[in-house]
Amino acid sequence: MATLFWMLLILYPFVAHSQSGDDEAPIDTDCWSLMTLQQSSLVCVLNEFDTTMCEKVTLCHFEGPVSICSNATMESNRFTFLSLSPVTQYELYIHIKDEKLQTQKLNLTKMVKITTPEIENATYKHDEAVIHIKYMHDYVKKPDFQVEFWGDRSKVKEKVTVKSQQMRIGGDKLKDSEIYNVRVRAKPVDYFDGSWTKWSRVKNFSVNHIPAKEAPIDTDCWSLMTLQQSSLVCVLNEFDTTMCEKVTLCHFEGPVSICSNATMESNRFTFLSLSPVTQYELYIHIKDEKLQTQKLNLAKMVKITTPEIENATYKHDEAVIHIKYIHDYVKTPDFQVEFWGDRSKVKEVTVKYKEMRIGGDKLKDSEIYNVRVRARPVDYFDGSWTKWSRIKNFSVNHITAKAVEAPPVLYILLCMTPIVLVAIGFLILQWKKEIQTCLFPDVPDPKATLAQIHRQKEHLPVSFSPEMFKDINIYPVVYTEEKQFTPEFGDNQGDTTESCDDGVAALIGSCPTSMSEKQNEDCQSLESETSQIETKLLDESASDEDVRDNPGCQSVEAFQRHSKDETYVTMSSLFKTQ
């Protein structure tokens with residue numbers, strides 16, 4: 001029972017509203033929905049109704065079994081509901097005094113009010129009028145467009161309905177030399193629906209069926225192309241510029257035509273910030289509604305910088321000409337070189353490189369030649385010849401050129417000489433000691449060498465320096481007196497005497513000989529002296545025993561000692577002398 005009671009309580013207002021509204025006359029209301037991605041809203045206007053009789057306006061919808069209602073925001077005879085769902089079914093309740101109620105079912109998608117479109121551009125070209133429409137909406141992407149156009153001298157307004165944002169009107173439907181007005185409006189279709197929008201603002205275009213080639217205007221146009229920007233410059237030749245109203249340059253970006261006005265300077269006009277690869281159309285608007293059109297391709301009308309003759313010389317029996325030229329786009333134009341002498345005709349040569357050579361057989365000896373150059377873009381780019389460069393000259397002298405020019409071998413030698421000298425200097429510094437030793441060997445002094453050898457032999461194996469023997473007692477030699485032999489010795493005496501006599505004779509014979517050799521041969525080697533001393537010492541030791549046993553030999557011993565002293569003195573004097 002409680003559940004039934006609550007259901008009756010919820011449904012009662014709707015039943016009462018429907019019953020009370022069946023017998024009442026409807027209220028004239030205009031409602032439309034405004035739909036965006038941010039929010040959707042409903043706007044209604046009460047036409048020819050006293051708003052003081054209206055107590056309130058509510059908008060209700062069901063979410064399951066529950067009915068949710070919201071009150072409108074009232075502004076005079078206009079009320080608005082915000083934050084609605086574009087796909088929800090709504091019911092509008094207008095509460096009138098004396099318990100009268102007006103109801104109306106609403107579907108927001110079938111009463112959409114879209115934005116009013118605009119005529120973006122309207123031009124006449126190629127014997128037809130082209131109209132571009134500007135329109136944008138978040139939900140209704142493709143409405144119906146109704147275009148209305150009429151001329152100044154025609155009373156009939158023609159309407160054309162299209163679905164695209166670009167419309168073309170044939171020249172057969174338009175009168176020549178007349179200005180036409182055009183406007184547009186739109187209406188949502190298909191899933192969405194609604195009424196026509198308001199008409200857009202009026203735009204106009206001029207019609208001129210006379211082709212441009214029948215009444216041409218002499219114009220010189222060229223493009224200036226750099227990496228920073230590209231521009232177009234045109235000059236009106238032999239034309240009264242006061243007759244020119246304006247000059248426009250147009251191009252298409254997809255279906256949209258974009259135009260820009262020129263900067264005028266007397267009979268010269270300029271367009272800046274252009275694209276080097278875009279096709280353009282030039283429109284010259286003349287008074288009395290005449291129009292001059294011209295298609296332009298910037299890449300085919302490039303004006304490049306004028307080249308210059310950087311250097312022109314005559315050497316090796318030929319003239320060498322260097323051309324100076326720089327451009328951001330046209331890298332390899334055609335160069336036309338013109339040269340002539342004081343007594344020769346003008347000659348022209350076309351080349352593709354910045355260096356040109358003219359053979360000596362084409363030039364006259366002992367003559368001054370003048371040369372100049374100009375350029376023209378070719379291949380992908382095109383254009384006219386530039387102005388001639390400044391004139392440079394060179395002298396031709398076949399004899400001087402051959403005589404003065406140094407042979408190539410001389411240049412090679414001059415270049416190699418410093419390198420070779422540096423290498424030789426480096427080797428000399430690196431091997432200074434070895435080379436100096438080979439060139440200047442260290443040869444010892446002969447006298448000093450002999451003295452050093454003598455010192456080594458004399459003091460070998462011990463040193464005989466006098467200081468070493470200062471503590472030794474030296475005793476004088478005591479010579480024994482010669483004794484007389486008695487007759488009792490007999491034959492032994494004779495034998496002994498003979499042996500002593502033989503020894504004395506040998507010593508007497510050898511000593512004077514050795515002394516004379518010392519006196520006469522001062523430069524005799526030390527080895528021979530040493531051998532003689534050893535021989536004498538051996539003889540002395542051999543005869544020792546005989547001297548002891550035989551007193552008669554004492555005189556021999558004394559003689560030997562005397563000989564030894566003489567030998568020592570002789571060697572010492574030799575050492576001191578040397």
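Q: Which residue lies over the face of Trp-388?
A: That's Arg-372, at 4.3 Å from the ring centre. Keep in mind as we go that this is a predicted model.

Q: And what sits over the ring of Trp-196?
A: The charged end of Lys-187 does, 5.8 Å from the ring's centre.

Q: Switching to rings with rings: how many aromatic pairs does the structure hold?
A: There are 10 aromatic pairs. One of them is Tyr-139 with Phe-192: the ring centres are 6.1 Å apart and the planes are at 55°, so this pair is tilted.

Q: Where in the chain do those two come from?
A: Tyr-139 is in the loop between strands S10 and S11, and Phe-192 is in the loop between strands S14 and S15, so the pair ties together parts 53 residues apart in sequence.

Q: Is Phe-192 buried or exposed?
A: Buried, with a relative accessible area of 14%. Tyr-139 is partly exposed, at 28%.

Q: Which other ring does Phe-192 pair with?
A: Tyr-191. That pair is edge-to-face, with 5.0 Å from centre to centre and 85° between the planes. Ring pairs link Tyr-139, Tyr-191 and Phe-192 into a cluster.

Q: New topic: how many disulfides are there?
A: The count comes to four. Among them is Cys-31 with Cys-44, whose sulfur atoms are 2.0 Å apart. Cys-31 is in strand S1 and Cys-44 in strand S2, 13 residues apart, and both cysteines are buried.

Q: Why is that disulfide called right-handed?
A: The torsion about the S-S bond of Cys-31 and Cys-44 is about 120°, so the disulfide is right-handed.

Q: What does Cys-60 join to?
A: A disulfide joins Cys-60 to Cys-69, with 1.8 Å from S to S. Cys-60 is buried, at 4% relative accessible area, whereas Cys-69 is partly exposed, at 44%.

Q: What about Cys-221?
A: Cys-221 forms a disulfide with Cys-234. Cys-221 is in strand S16 and Cys-234 in strand S17, so the pair ties together parts 13 residues apart in sequence. Cys-234 is buried, with a relative accessible area of 0%.

Q: Last stop, helix H3. Why does its length make sense?
A: H3 has 23 residues, so at 1.5 Å a residue it should span 33 Å; its end C-alpha atoms are 34 Å apart, which agrees.

Q: Where is the kink in H3?
A: At Met-416, shortly before Pro-418, and the kink is about 30°.

Q: What does UniProt place at residues 409-429?
A: An unreviewed UniProt entry places a "transmembrane region" there. In the model, residues 409-429 are 100% helix and 0% strand.

Notes:
Residues numbered from 1 in each chain as written. Predicted model: local features only at pLDDT ≥ 70, side-chain atom pairs only at ≥ 80, totals over all residues. Heavy atoms only, no water. Helix = DSSP H or I, 4+ residues; strand = E, 2+ residues; numbered from the N terminus. Expected span 1.5 Å × (residues − 1). Bend = angle between axes of the 7 residues up to and from the residue. UniProt positions renumbered as here; feature names shortened; annotations may be inferred. Phe/Tyr/Trp six-rings, centres within 6.5 Å; stacked < 30°, edge-to-face > 60°. Buried < 20%, exposed > 50% of the residue type's maximum accessible area, 1.4 Å probe, protein only. Lys NZ or Arg CZ within 6 Å of the ring centre and 35° of its normal. Disulfide = S-S within 2.5 Å.
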